[in-house]
Protein chains: 2
Amino acid sequence: MTDLVEEVRMKIRAGEWSNPTTGVAPGYTQANLVILPKEYAYDFLLFCVRNPKACPLLEVTDLGSSVPKQTAPEADLRTDLPKYRIYRDGELVEEVTDITAYWQEDFVSLLIGCSFTFEKPLLENGIPIRYIEEGRNVSMYKTNIACEPAGIFKGPMVVSMRPMKTQDAIRAVQITSRFPSVHGAPIHIGDPAQLGIKDIKKPDFGDAVTLYDGEVPVFWGCGVTPQAAIMASKPELVITHAPGHMFITDLKEEDHAII
Amino acid sequence: MTDLVEEVRMKIRAGEWSNPTTGVAPGYTQANLVILPKEYAYDFLLFCVRNPKACPLLEVTDLGSSVPKQTAPEADLRTDLPKYRIYRDGELVEEVTDITAYWQEDFVSLLIGCSFTFEKPLLENGIPIRYIEEGRNVSMYKTNIACEPAGIFKGPMVVSMRPMKTQDAIRAVQITSRFPSVHGAPIHIGDPAQLGIKDIKKPDFGDAVTLYDGEVPVFWGCGVTPQAAIMASKPELVITHAPGHMFITDLKEEDHAII
């Protein structure tokens, strides 16, 4: 862990940062979080394994442990994300900044790669990230692509979208293909209608951003997909990160590069 | 499924092929098999997720189903591998060519990528595969690398080894990096002692092959790793493929290429 990650994590832990984490600790791998009771863990783990574009697994904690010992052994998943969502029977009932009071000994925590991780290499290749420029959260949409179901879990794939010039989209395919564990290559370029997205200006999660003339929307699998599955499958209790409010691990983005 | 895969599969199903599957149906993805009762499935699935270099998951079947519907929907895992191993309490008790009589309704089957899959691209790049030339099974070794444990499962990483010229080893890194779901890049090049391998002429699984002057041994993670974990962790009953006697899926090797 570097001073930068430690500083950011301590700020989040102290409740001094409850905003989205894009651009925070650049170069470090960010992760989506799903916490659920052991009785749902096999089905949900299988759901992730069967849907690796949307739910690439970075780590699964031991039963009852809130410490992600492979990706951030000094962190605590109960306090070290800026914002959490509590789902009961598939309904979002609350957003909180600390889940210590909700913790159960039968919890298993899954960390799923986040596309924020490959934004530094995109920026270094001269590809601007619109929502960062505009100071917003990334745009996320439910699609008409059905995830491969697993046990009780089923639901649509959720995608994140970044508008860019077509030549940048080609370069972005090359750059992000190196990082399959944080969603890898895009799943679609160009036509929101083909994904069943009716209005690109109305994302299901996060904020809308400007799409300029000559730009195409580029879509990646998104770790908010589990939240759509939770809404569809209605397990009794699940805790997740709030979209855009990720867990920052100790790992560099390059630790996950395949080539 | 092509005529080639169907022909090979029918031959195996009829008991007419009980040899290793290397070079059989070239270009198609081959898989290691682990079948275990549901009570062990969560721990073993987690073991695979935590050890993706040795145990990259291709598919996990639904409870009680012997049909791998994602990778070979017309196949049957009870009959379509040339040879199986039955382990009881961590001991190899039997090798059979059909497991229909052993099938249980509480079985879950896991298919793990096999490095035979990337041998066609190696050959196409002019890299000879010694054990194929010599008509033997690939050499496999237990190493001193401990897998990340998960629940009851722990044990050493098993590797496969192919000798080649050093310039071919560099090309082989490039070629196999494209295929993380069939073990991806090598885990070691050059010095068996660093992996705790005392005698390269005495593999723990498969056959020994000739290493010529000027060649280096190149080691990849191997899907026999679960069998070492089963021996170490002693679950009541597990069925696996016999090393080298793989399941042939309907998928082309290119279906798994990251770039």
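## Exercises on a predicted two-chain model

In this predicted model, chain B and chain A bury about 1,800 Å² between them, with 65% of that area on carbon and sulfur atoms.

**Exercise 1. Describe the contact between chain B and chain A by its residues, its charged pairs and the elements that supply it.**

Solution. Begin with the residue count: 19 residues of chain B are in contact with 19 residues of chain A.

Next, turn to the specific pairs, where the count between chain B and chain A is two salt bridges. One of them joins the side chains of B:Arg50 and A:Asp62, with an N to O distance of 3.0 Å, and this falls within the 4 Å cut-off for a salt bridge. Four residue pairs, both members at pLDDT 80 or more, are in polar contact between the two chains.

Then assign the side of chain B that touches chain A to its elements: those giving two or more residues are helix H2 (38-50) and strand E2 (57-60) of chain B. H2(B) provides the largest share, seven residues.

Finally, sort that side of chain B by class, which gives 11 nonpolar, three polar and five charged residues.

**Exercise 2. Work out the strand order of the sheet in chain B, and explain why one side of E6(B) and of E8(B) is left without a neighbour in the sheet.**

Solution. The open sheet has four strands in the order E6-E7-E9-E8 (chain B), and their pairing is antiparallel. Strand E6 (139-146) and strand E8 (188-189) of chain B stand at the edges with a single partner strand each, so one side of each has no neighbour in the sheet.

The helices can then be placed. Helix H5 (residues 166-177) of chain B packs on the sheet and touches E7, E8 and strand E9 (215-221) of chain B, its direction making about 130 degrees with that of E7(B). Helix H6 (residues 225-233) of chain B also packs on the sheet, where it touches E6 and E7 of chain B and makes about 150 degrees with the direction of E7(B).

Conventions:
Residues are numbered from 1 along each chain as its sequence is written. Chains are lettered from A and ligands numbered from 1 in the order in which they are written. This is a predicted model: local features need pLDDT of at least 70, side-chain atom pairs count only at pLDDT 80 or more; totals for chains, interfaces and linings use all residues. Side-chain values use heavy atoms; hydrogens and water are left out. Contact means heavy atoms within 4.5 Å. Buried area is the accessible area (1.4 Å probe) that two parts lose on being put together, summed over both. A polar contact is a pair of N or O atoms within 3.5 Å; within protein, one must be able to donate a hydrogen and the other to accept it, and residues adjacent in sequence count only if both atoms are side-chain atoms. Ala, Val, Leu, Ile, Met, Phe, Trp, Tyr, Cys and Pro count as nonpolar, Asp, Glu, Lys and Arg as charged, and the others, Gly among them, as polar. Two strands pair if DSSP finds at least two bridges between them. Axes are lines fitted to C-alpha atoms, for helices over the stretch in contact, and angles run from 0 to 180 degrees between N-to-C directions.
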